[in-house]
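Let's take a walk through this fold, starting at a pocket and ending at the sheet. Have the model open as you read.

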Amino acid sequence: MGRLDDRVIIVTGGAAGIGRAFADGFVREGASVVLADINGEQAERSAEEIRQAGGQALGLTVDVSDQAQTETMVAETLSRFGKVTGLVNNAAIAIRVRHTRAPLEEIPLDEFDRMLAVNLKGVFLCSRAVLPHMKEQGYGKIINMSSGTFFNGRENLVHYVASKGGVIAFTRVLAREAGPSGIRVNSIAPGLTASETEEHSLEEFAVRIPNRAIKRIEVPEDLVGAGIFFMSAESDFISGQTLAVDGGVVVH
């Protein structure tokens, strides 16, 4: 028996990195997963790897900033698995996507708009797409991925940090709105995570080690336990919370 037996969980940005780590962890605990990613080919390859290992998985091409695509994502999940019990809003412009790191006045306006469209509007659209079904069944779990940068106001990333702060605000509001329908909404705030080592050297991720209580690089698998906890019955009386999983940079 797994902690997530009979669960069906959509993971946006699920083709690789943190999203793929979540998907693998959920499957090990008995869940079926949908890997929704703007890189649809990689999403399907990852889903096939999970199926070859004996799990249930579906890969979909989804731009989370597009309302129609998020609604299709839920419809295809329901067609394949019959229900949706969980959503991880993980898709984001972050380490996997190059973006400007500079003072506010040097951030291109179109880049600011795109950052919020994916990182915040995408959370809104995906959540709105699953809510009717979750309300109908009287149960659901939503995890929104924020960032430790929200707590320390990381400089030269105002568009990214603002988007991730918005995710925490969104989480708190939706937790109150959806709670009466049996839906729990929480957030996870990772530290700098070595999720794409093919494009980035490990030295880039090691810069955070001096600020951590646990002196090592953070990897995607470090986040999986928190994800399983929030998706399982063990957290059924927890909602509206943000858990920092960063090796002890943020302490509160």
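**A pocket between helices**

Helix 4 and helix 6 (158-178) each give at least two residues to the lining of the second largest pocket. Helix 6 brings the largest share, six residues. Helices here are DSSP runs of H or I with at least four residues, strands are E runs of at least two, and both are numbered from the N terminus. A pocket is an open set of points on a 1 Å grid over the protein atoms alone, where a 1.4 Å probe fits, with protein on both sides within 12 Å along at least five of seven lines; lining residues have an atom within 4 Å of a point.

This is a predicted model, with local features needing pLDDT of at least 70 and side-chain atom pairs 80 or more, while totals for chains, interfaces and linings use all residues. Numbering runs from 1 along each chain as its sequence is written, and side-chain values use heavy atoms, without hydrogens or water.

Among the lining residues are F124, R128, F170 and E177.

Seven strands make an open, parallel sheet in the order 3-2-1-4-5-6-7, where pairing takes at least two DSSP bridges between two strands. Strand 3 (57-61) and strand 7 (242-245) are at the edges with a single partner strand each, so one side of each has no neighbour in the sheet. Strand 6 (residues 183-190) pairs with strand 7 in the parallel sense over four bridges, and S187 has T242 in strand 7 as its bridge partner.
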